[in-house]
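Please walk through the structure shown here before reading on.

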Amino acid sequence: MSLSFSQSLQPSNFPFTNSYAQNYSFSQLWFPSTSLPDRPISTISCVSTRPRRKATVRNDNSETLELVRILIRSFSDKEPLVKTLNKYVKIVRTEHCFLLFEELGKSDKWLQCLEVFRWMQKQRWYIADNGVYSKLISVMGRKGQTRMAMWLFSEMRNSGCRPDTSVYNSVITAHLHSRDKSKALAKAIGYFEKMKGMERCQPNIVTYNILLRAFAQSRKVQQVNALFKDLDESIVSPDIYTYNGVMDAYGKNGMIREMESVLAMMKSNQTKPDIITFNLLIDSYGKKQEFEKMDQVFKSLLRSRESPTLPTFNSMIINYGKARQLEKAEDVYAKMTDMKYMPSFITYESLIMMYGLCDCVSRAQEIFDKLCESKKEIKPSTLNAMLDVYCMNGLPTEAHKLFESAKSKGVAPNASTYKLLYKAYTKANMKELVENLLKHMERDDIVPNKRFFLDALGAFFSSKPISGSTNSPAAETEKDVKA
């Protein structure tokens, strides 16, 4: 890499410029040359030639997984984790602890990860290992514990371990999870440049993928261009995850032109799309209501060697719903059932929301009632979807009735349920419903945070005040916020 990252920020070094984007055409993407006659093509085409995956053979680690499940189930407030580990001290080894980090990291139990780590260090079989530190740093980063991640990074070096590329990737990721994004990006680039100067820590494709996605999410187009330039001059080659990550970030930010530029670059590098590529294009075009392009990508998917997945259909249903194109959304669902796909709970939620957005509350209610009658597990998110439909259609009383009967239907509200209803009741100036909801929250030990009240305040001040009431829900809420 002859250019530093800062040098490659010069406009003349950008890999895709305005002219590149202007010359970009969807009409020649990934069509096999032998499959089409010599005639103009006017559709977006993303035909994958990747061979289908073979069925994966499950590794023989069932005993390890089972022991980890037992450990997770066994510890509690009354039974500390270290005490549980001591019960199994003769058989617990590094691979069990590594899986424990993974499982504990999926929740907010990052302190327990540190307990397991300290317990590991006291065992005779423990040897300081980069992989363990890398995993712990990643867990701390995901939980926003950047200082703890950096302490582990320092602890690793003090223990005699030499950092490698995977460790630095974890450190970069940890910083990128912090709230101050501009500072986080500056730190990440600092580590990236430092890695280039260390033989055993050279950036790999994972490093580039992490940084490219982060800059794309932050809408830093010039930095993305510079990183692509840097990647092109390195010995590292971009992969499908490189392009998918950047296109997904651009798409979620509504930056369609930039997304299409990366798509063109992907095609020029002979990288074939996978189902993730198709799905993110469909979702991005759908959110921008560019339905002609969305439909073309879907047709291209059907012609490819890939197969649609439930997220493909779910995205199209909800995006057509947001555009109030009821018939189109119903056609997608019909297509899905014709192709023998079984709806998931997310599909049902998408349908419920779609009908709500199209002012068809009774149809949404019909789907929800059938789910309840089917004895299937009703998730809180499904309940929230139905409540949201009532609230967006100005039916807070119906929402309250459903909320009151939720437990009898076998579904327990979650924190999002209370936030949704509090905001809706406040906006509708329904003081009695607000007070009733607060009693439910107290009974269910739901402790609202500052954001909860601020959102409600925003909803209240966008509506008419309650006449003659000095103790309005918003006034009470403002007291709580100040407290």
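This is a predicted model: local features need pLDDT of at least 70, side-chain atom pairs count only at pLDDT 80 or more; totals for chains, interfaces and linings use all residues.

Residues are numbered from 1 along each chain as its sequence is written, and side-chain values use heavy atoms, with hydrogens and water left out.

The protein has a mean pLDDT of 82, where pLDDT is the predictor's confidence in each residue, from 0 to 100. A pLDDT of 70 or more is reached by 79% of the residues. Over residues 5-60 the pLDDT stays under 50, and the model has 113 contacts beyond four places in sequence for them; a contact means heavy atoms within 4.5 Å. Residues 464-483 also have a pLDDT below 50, and this stretch has 29 contacts in the model beyond near neighbours in sequence.

The protein contains 25 helices and zero strands. Helices (H or I, at least four residues) and strands (E, at least two) are DSSP runs, numbered from the N terminus. Of its 483 residues, 46% count as buried; buried means under 20% relative accessible area, exposed over 50%, and partly exposed in between, with a 1.4 Å probe and protein chains only. Among contacts between residues at least 6 apart in sequence, 66% join residues at least 24 apart.

Two packed helices are described by the angle between their axes and the distance between the axes. Axes are lines fitted to C-alpha atoms, for helices over the stretch in contact, and angles run from 0 to 180 degrees between N-to-C directions.

Helix 22 (residues 415-427) packs with helix 23 (residues 431-443) at an angle of about 160 degrees, and their axes are 9 Å apart. That makes helix 22 roughly antiparallel to helix 23. Angles under 35 degrees count as roughly parallel, over 145 as roughly antiparallel, 65 to 115 as roughly perpendicular and the rest as oblique. In the contact, helix 22 supplies Tyr-418, Leu-421, Tyr-422, Tyr-425 and Thr-426, and helix 23 supplies Leu-433, Val-434, Leu-437, Leu-438, His-440 and Met-441. These residues divide into nine nonpolar, two polar and no charged. Ala, Val, Leu, Ile, Met, Phe, Trp, Tyr, Cys and Pro count as nonpolar, Asp, Glu, Lys and Arg as charged, and the others, Gly among them, as polar.

In a second pair, the axes of helix 17 (residues 326-338) and helix 18 (residues 345-357) cross at roughly 160 degrees and come within 11 Å. Helix 17 and helix 18 are therefore roughly antiparallel to each other. Their contact is made by Leu-326, Ala-329, Glu-330, Tyr-333 and Met-336 of helix 17, with Thr-347, Leu-351, Met-354 and Tyr-355 of helix 18. By class, the contact has seven nonpolar, one polar and one charged residues.

Thr-382 is found in helix 20 (residues 380-392) and counts as buried because its relative accessibility is 2%. Leaving aside residues up to four places away in sequence, Thr-382 touches Phe-345, Glu-349, Ile-352, Phe-368 and Leu-371.

Lys-181 is in helix 9 (residues 181-196) and is partly exposed, with a relative accessible area of 41%. The C-alpha atoms of Lys-181 and Ala-214 are separated by 9.2 Å, and the two residues are 33 residues apart along the chain.

Asn-269 lies in the loop between helix 13 (256-268) and helix 14 (275-287). Not counting residues up to four places away in sequence, Asn-269 touches Pro-238 and Tyr-243.
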